[in-house]
Amino acid sequence: MEGKNFIRDLNPITQLYLCLFIAVSSLFYDYRYTAVLIVVMIAIAAMAGKAGEFVGMWLKSIVLISVVVFVMQALFLPGDTVLWKFWIFSVKQEGIDNAVTLCTRIMGVGTAAVLGIKLVDVGKLVVALEDRGVSPSATYVIMSTVNIIPQMSKKMTVIMDAQRSRGVETESNMFVRAKAFFPTIGPLILNSIVSAEERAITLEARAFSVSGKKTRLHTVADTGTDRALRVVFMIMLAAAVGGRIITWIV
């Protein structure tokens, strides 16, 4: 069980405010500002004890996407200033400029999203949202949507293990993998339908649809520090956006 940690113990709404500030403010400034934000986010992840998970997911998703986008933009956007040319490919200054701008935004927003995924506990977020008057039906949809991919991934792993235990080859070339993959779709879909029905029965057994005040096993604290931090993040976001707008006007 994880011990006390200031970053992890923040109210999930406060964590969302932090990620919102980083994502939105990164849209208004250049790559230098975003580079500083990325360093700050890595530091925050490290303080939360999530540095390894955060950096691993960031490299395999946001960095990879940014590299692909940069190459495509640099090679195929039209322009007059050719910096490098080989066969039918040419890198133009205009393509580089557009690639840097677009990848800066992808890195800023995407890295903030990865940080949010690693920091925010969905269960606590659902409780915090319900405390603020959000309908339990809406929070259930949020939780189900977030958990659907991990749940299906686990079920797929179980089904593939069962196939291997029956002697089905699943670890060879692409064609063998495809041949083994398609027979797992049927059991996966049926399993998902049965699980959905079981969850519905469980929710009804816990009086999910009954009106009136409900008790909770767990509560999420909303401390004075959380409220102060949310105000600070909003002021910082307003200052960042306002400063950029003033720069454009001047």
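Reader: Does Tyr29 count as buried, exposed or partly exposed, and at what relative accessibility?

Author: Tyr29 counts as partly exposed because its relative accessibility is 26% (buried means under 20% relative accessible area, exposed over 50%, partly exposed in between, with a 1.4 Å probe and protein chains only). This is a predicted model, in which local features need pLDDT of at least 70, side-chain atom pairs count only at pLDDT 80 or more, and totals for chains, interfaces and linings use all residues. Residues are numbered from 1 along each chain as its sequence is written, and side-chain values use heavy atoms, with hydrogens and water left out.

Reader: How many aromatic pairs does a search of the whole structure find?

Author: A pair of aromatic rings is described by the distance of the centres and the angle of the planes. Here the search of the whole structure finds one such pair (rings of Phe, Tyr and Trp, the last by its six-membered ring, with centres within 6.5 Å; stacked under 30 degrees, edge-to-face over 60, the rest tilted).

Reader: Which residues form this pair, and what is its geometry?

Author: Tyr29 and Tyr33 form the pair, which is tilted: the ring centres are 4.7 Å apart and the planes make an angle of 35 degrees. Tyr33 also counts as partly exposed, because its relative accessibility is 23%.

Reader: Which charged residue sits over the ring of Tyr29?

Author: The charged end of Arg244 sits over that ring, 5.6 Å from the centre (NZ of Lys or CZ of Arg within 6 Å of the ring centre and within 35 degrees of the ring normal).

Reader: Which residue lies over the face of Tyr31, and at what distance from the ring centre?

Author: Arg32 lies over the face of Tyr31, 5.8 Å from the centre of the ring.
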